[in-house]
Amino acid sequence: MRICMWVLALLFVFGFAWEVGADQNVPTERISGSAGDVLEDDPTGRLKVYVYELPNKYNKKILQKDPRCLNHMFAAEIFMHRFLLSSPVRTFNPEEADWFYTPIYTTCDLTPTGLPLPFKSPRMMRSAIQLISTNWPYWNRTEGADHFFVVPHDFGACFHYQEEKAIERGILPLLQRATLVQTFGQRNHVCLKEGSITIPPYAPPQKMQAHLIPQETPRSIFVYFRGLFYDINNDPEGGYYARGARAAVWENFKNNPLFDISTDHPTTYYEDMQRSIFCLCPLGWAPWSPRLVEAVVFGCIPVIIADDIVLPFADAIPWEEIGVFLAEEDVPNLDTILTSIPPEVILRKQRLLANPSMKWAMMFPQPAQPGDAFHQILNGLARKLPHAQSVYLKGGQKILNWTEGPVGDLKPW
Ligand SMILES: *[C@@H]1O[C@H](CO)[C@@H](O)[C@H](O)[C@H]1NC(C)=O
Ligand SMILES: *[C@@H]1O[C@H](CO)[C@@H](O)[C@H](O)[C@H]1NC(C)=O
């Protein structure tokens, strides 16, 4: 057993444990047609990205102060920067760039317990934009319409961890023309603007890989979930948390033998997901959680309970085919809904999940791999090209208002 895991770990280092591990017992299947094919696109040659050179205080220094940011679920902002620096799509000639990227770590400001607080992010972002718009001519040309920013915090560029406050603030005015690359995805929400690219949260690839168990291990758990049902710490009322969806899971199924659900976080969490058929992915404070990535990586069918969620790379990953979607109000019927899914449908979803391209698309590995989340982001940016002529402003035209927004945000950073 030990040796077996070691072999898998070793294979992973060379890049394709999942493909090698996808043996005769777990056949894989790929979807023909747009979704499956787009996932395997190679962005090289399809776009050129110019990386602004910023003082270290916008990125490296911030990380030095708190290396925990490297393992946080919002670490994509750091790894995307590293990835782009050595990516073949990078150009050193801004005149030929399709996209401009500003490497800024707005989410790397953690409390002692590791919660990111985005209070400084708006001032930091304004400061960076001020800098690039004064030192280079490209921002003013479009006021950011050919620029992209990685803003992975809970509510993206609304920069607040509480939803009502985030909605009240709205997207930072200076980013209104830019393309936002963010984890937050919910339809008809002020913090998700059209044209944004929704990405998965960061889950440490090495850590997941270290817990791989043999693929032929039977999936003996029907429904699995570990996490909070109520958020008593943040809400003394007993927690109207996750719009009540998580509480409903607990209240309806805590004694149901098909449901292995609890708040305990066992050391075998990742192994347990590989022994499960369905993994619940209910909303929490945000519509998504790292469970979504973990479920796909571990081949456990994600049961997505988050009304109006916009899933990562939804134009490339066939979520409807690999997952199960449940309206929040249908949680009380979860058992009947899941037990009535025909076995052949379950098997097909498992075969699709066993396809390594699904797993890579959800991860930010180091070094990068073809088809991983970095490449999906680039593919998303490439699909938005060419820019419409209308993004280029006529001489001196200004659309953004630099003094809009809460007064506190206007102070220097
Ligand atoms: C861009 O426009 C601002 C005014 O909105 C100006 O202060 C700045 O100098 C301009 N940048 C360049 C490089 O000309
Ligand atoms: C910019 O926003 C500020 C604050 O909301 C407002 O007072 C000002 O009139 C706006 N300027 C323009 C040109 O719309």
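User: Which residues surround ligand 1?
Analyst: In this predicted model, the residues around ligand 1 are Ser-133, Thr-134, Pro-137 and Asn-140.

User: How does that shell divide into nonpolar, polar and charged residues?
Analyst: The shell around ligand 1 holds one nonpolar residue and three polar residues, with no charged residue.

User: Turning to the sheet, in what order do the six strands run?
Analyst: The order is S2-S1-S3-S4-S5-S6, and the six strands form an open sheet with parallel pairing.

User: Which strands stand at the edges?
Analyst: The edges are taken by strand S2 (90-91) and strand S6 (197-198). Each has a single partner strand, so one side of each is left without a neighbour in the sheet.

User: And S4 with S5, how many bridges are there?
Analyst: Strand S4 (residues 147-150) pairs with strand S5 (residues 179-182) in the parallel sense, over three bridges. Within this pair, Val-150 is opposite Val-181 in S5.

User: Now helix H15. Which of its residues are buried?
Analyst: Helix H15 spans residues 343-353, and its buried residues are Lys-349, Leu-352 and Leu-353. Viewed down the axis of H15, the buried residues fall within an arc of 100 degrees, so they line one face of the helix.

User: What does the face turned away from the buried side carry?
Analyst: That face of H15 carries the exposed residues Pro-343 and Glu-344.

User: And what covers the buried residues of H15?
Analyst: The cover includes helix H12 (291-297), helix H13 (319-322) and helix H16 (356-361), together with strand S10 (301-305).

Terms used
Residues numbered from 1 in each chain as written. Chains lettered and ligands numbered in written order. Predicted model: local features only at pLDDT ≥ 70, side-chain atom pairs only at ≥ 80, totals over all residues. Pairing = 2+ DSSP bridges. Helix = DSSP H or I, 4+ residues; strand = E, 2+ residues; numbered from the N terminus. Buried ≥ 20, exposed ≤ 12 C-beta atoms within 10 Å, placed from the backbone. Arc of directions from axis to C-beta. Contact = placed C-beta atoms within 7 Å. Near = placed C-beta within 6 Å. Nonpolar A, V, L, I, M, F, W, Y, C, P; charged D, E, K, R; others polar.
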